[in-house]
Amino acid sequence: MNNKSDHKKLNEEVEQALQSVDGIQRASAPPFLLTRIKAGIQSAAERESLWFKIASLLSRPAIATACFVVLLLINILAINFTDNFSTNSTSNTIAQQKDDYALSVISIYEPETNEPY
């Protein structure tokens with residue numbers, strides 16, 4: 001008796017399992033799945049390039065801030081150096097201009113020649 005009830009119970013479970021797959025439909029892929037897969041593969045290949053690695057390194061906030069500070073210091077030093085150079089150059093230029101426009105007395109005993117040298 002126990003054997004028949006087990007057999008009947010097993011048949012009911014099998015029937016229930018078979019009925020559960022009656023409404024099954026074939027699975028369909030979402031639209032543009034192949035395009036998305038190809039784009040993922042391509043972006044993975046781009047992530048391995050040297051320029052992508054450099055860009056990802058520079059995009060970190062700590063490194064970007066450090067680079068900005070270094071560039072700012074270089075600009076400040078360049079401006080200060082240019083101002084110092086310009087001041088020295090201007091004082092030398094003014095001294096040269098004074099010498100160029102200095103008045104000299106021409107004596108009548110020094111003959112002027114109109115011929116080119």
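Where is phenylalanine 32 placed? Phenylalanine 32 sits in the loop between helix H1 (2-20) and H2.

**View 1. Overall fold of the predicted model.** This is a predicted model, in which local features need pLDDT of at least 70, side-chain atom pairs count only at pLDDT 80 or more, and totals for chains, interfaces and linings use all residues. Residues are numbered from 1 along each chain as its sequence is written, and side-chain values use heavy atoms, with hydrogens and water left out. The protein has four helices and zero strands (DSSP runs numbered from the N terminus: helices H or I of at least four residues, strands E of at least two). The order from the N terminus is α-α-α-α. Of the 117 residues, 0% are buried (under 20% relative accessible area; exposed is over 50%, partly exposed in between; 1.4 Å probe, protein chains only). The accessible surface is about 11,800 Å², with 62% belonging to carbon and sulfur atoms (Shrake-Rupley method, 1.4 Å probe; for residues, only the protein chains shown count as cover).

View 2. Phi of phenylalanine 32 is near 60°, a positive value in a residue other than glycine. Phenylalanine 32 counts as exposed because its relative accessibility is 62%.

**View 3. Arginine 47 in helix H2.** Helix H2 spans residues 33-47 and includes arginine 47. With a relative accessible area of 45%, arginine 47 is partly exposed. Apart from neighbours within four places in sequence, arginine 47 is in contact with Phe52 and Lys53 (heavy atoms within 4.5 Å).

**View 4. A nonpolar surface patch.** Phe68, Val69, Leu72, Leu73 and Ile76 make a nonpolar surface patch of about 470 Å² (residues with over 30% relative accessible area and no salt bridge; like charges are joined within 9 Å, nonpolar side chains (Val, Leu, Ile, Met, Phe, Trp, Tyr) within 5 Å). A salt bridge is a side-chain nitrogen of Lys or Arg within 4 Å of a carboxyl oxygen of Asp or Glu. Isoleucine 76 belongs to helix H4 (residues 61-100), and its 42% relative accessibility makes isoleucine 76 partly exposed.
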